[in-house]
Amino acid sequence: MTRRHKSLVQSLLGSLLVPGLAVMVIGVLIVQHIFKDEYDELLDASLIGKAHLLVEFIETTQGDAGFDVGGLLDFESKLRKPDERALMWYLDPDGQVYAQSKSVGAFALPTPLATGLSTAAGHRFIMLRSDQPETGSVVVAEPMVERNEAITDVVIAVAIGFGLLGALFALSSFWAVRRSVAMIAELSRNIAEKNEHNLSPIERENVFSEITPAIDTLDGLMGRLDRAITAERAFATNAAHELRTPVAICLAQAQRLRAKLSDPAKIDNIVEIETGLKRLERLIERLLQLSRAQSGLGLNAVATDVSPVITLLMSEMRSRSRAPEKIELKFPETHFSTRVDPDALGIILNNMFDNALKHASGPVPTVVDASQSGRVAVVNDCAPLSPADLDRIKQRFNRRGALSDGYGLGLSIIQDLCAQSGCQLEIYVPRELSPRGFAAVLRLPETTNDPR
């Protein structure tokens with residue numbers, strides 16, 4: 001079972017948001033606790049002050065005719081809602097209710113009630129005894145509805161504020177993480193573009209300072225690979241060039257020797273040697289093409305008209321064919337501008353033409369059609385290939401048959417150069433409207449940069 005890799009975005013957001021959420025919850029609880037304590041202190045101070053005023057007022061006015069103790073808090077009826085009005089009881093020295101405010105209504109005084117502050121039945125009570133024994137005591141109760149509403153409103157407001165702050169923090173964190181991930185993805189794409197043809201230093205525009213040492217290491221590795229590949233290509237190219245001269249000399253000497261001999265048996269031997277040397281010469285040519293393909297031959301800096309190149313190569317194909325009458329050529333009819341390197345195009349088309357000439361075996365002529373702009377089609381008649389055979393000949397050094405005269409390099413070279421130059425190679429087996437044959441269609445990338 002494949003283990004699922006952990007997401008960097010989820011990991012970073014989780015490590016940022018979970019602690020942030022915990023801090024916000026703790027913050028709301030702290031605000032609630034502090035506000036509750038401070039509000040209760042203010043409520044108690046107001047309650048104590050109100051009780052002292054009432055006691056002193058009762059002590060001062062006690063014995064006055066017509067004095068109504070129960071009406072001392074009637075003024076609150078105009079200032080507060082019924083459920084928010086303070087309640088008052090005046091108790092005689094024996095603890096019996098002597099008078100009470102009108103706002104008490106059916107509310108019963110909790111008993112027993114200790115002297116000082118207490119909480120009961122949703123009210124905050126204070127019982128204050130007079131210093132004069134004959135005066136008795138006063139009980140004042142403040143409903144806690146307003147206090148509870150205030151605490152609830154503050155907590156909700158703080159929670160909303162923290163929620164908005166958390167949402168902003170989450171969005172900014174998500175944007176920052178996505179931006180960082182995008183930079184890493186861009187760096188990854190830049191690294192993915194590196195291949196045997198492009199080992200230039202990695203761009204540092206999207207590199208964090210923490211990743212710079214790793215990028216320096218990669219640049220050093222690619223530099224060593226570039227030097228090793230360059231040395232290998234140089235060796236292959238130089239070796240192939242050096243082999244061409246002695247092979248050409250041997251071929252010329254064999255041809256001269258064949259011209260001087262009259263013995264048919266010896267002439268046959270010389271012909272076999274000459275055939276082997278020509279085969280070696282073609283192999284050296286293929287190796288040189290392979291070396292050029294591996295060196296990154298593909299695109300030009302400027303666009304050029306490749307129609308003359310295609311026309312010239314098609315004419316050369318007919319001249320080197322053993323049966324020119326079995327070749328049908330359709331030359332380019334218009335100019336076509338592209339950035340594909342002419343040398344690369346020449347190598348691609350020559351290999352396509354050579355394969356067509358080498359493997360054509362039926363009565364149908366080989367057709368090379370370049371009449372459509374940016375398209376070259378090569379169609380020849382031969383025994384059909386199976387899908388397995390087609391996949392095999394696309395690989396380097398795999399030939400169509402054990403006795404084939406090829407080297408298994410032509411199609412591989414074509415594919416390498418097409419990948420570098422942006423060309424598209426389409427292969428059809430069998431050819432269209434026939435159970436036999438082989439068709440290869442090359443499509444060139446067009447550019448508007450016309451040099452003419």
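This is a predicted model: local features need pLDDT of at least 70, side-chain atom pairs count only at pLDDT 80 or more; totals for chains, interfaces and linings use all residues.
One of the bridge pairs links Leu 425 to Leu 442 of strand 12. In general terms, the strands of a sheet pair through backbone hydrogen bonds, in either a parallel or an antiparallel sense.

Zooming out, this pair belongs to an open sheet of five strands, ordered 7-9-10-12-11, and the pairing across it is mixed. The edges go to strand 7 (327-330) and strand 11 (424-428); each has a single partner strand, so one side of each is left without a neighbour in the sheet. On average, and with direction ignored, neighbouring strands here are turned by 10° against each other.

Two helices pack on this sheet. Helix 5 (residues 307-319) touches strand 7, strand 9 (366-369) and strand 10 (375-380), and its direction makes about 170° with that of strand 7. Helix 6 (residues 342-359) touches strands 7, 9, 10 and 12, and its direction makes about 15° with that of strand 10.

Back to helix 5 for a closer look. Its 13 residues reach 19 Å from the first C-alpha to the last, close to the 18 Å expected at 1.5 Å a residue. Buried in this helix are Ser 307, Ile 310, Leu 313, Met 314 and Met 317. Seen down the axis of helix 5, the buried residues fall within an arc of 130°, so they line one face of the helix.

Technical notes: Residues are numbered from 1 along each chain as its sequence is written. Side-chain values use heavy atoms; hydrogens and water are left out. Two strands pair if DSSP finds at least two bridges between them. Helices (H or I, at least four residues) and strands (E, at least two) are DSSP runs, numbered from the N terminus. Axes are lines fitted to C-alpha atoms, for helices over the stretch in contact, and angles run from 0 to 180 degrees between N-to-C directions. Contact means heavy atoms within 4.5 Å. The expected span of a helix is 1.5 Å times one less than its number of residues. Buried means under 20% relative accessible area, exposed over 50%, partly exposed in between (1.4 Å probe, protein chains only). The arc is that of the directions from the helix axis to the C-beta atoms.
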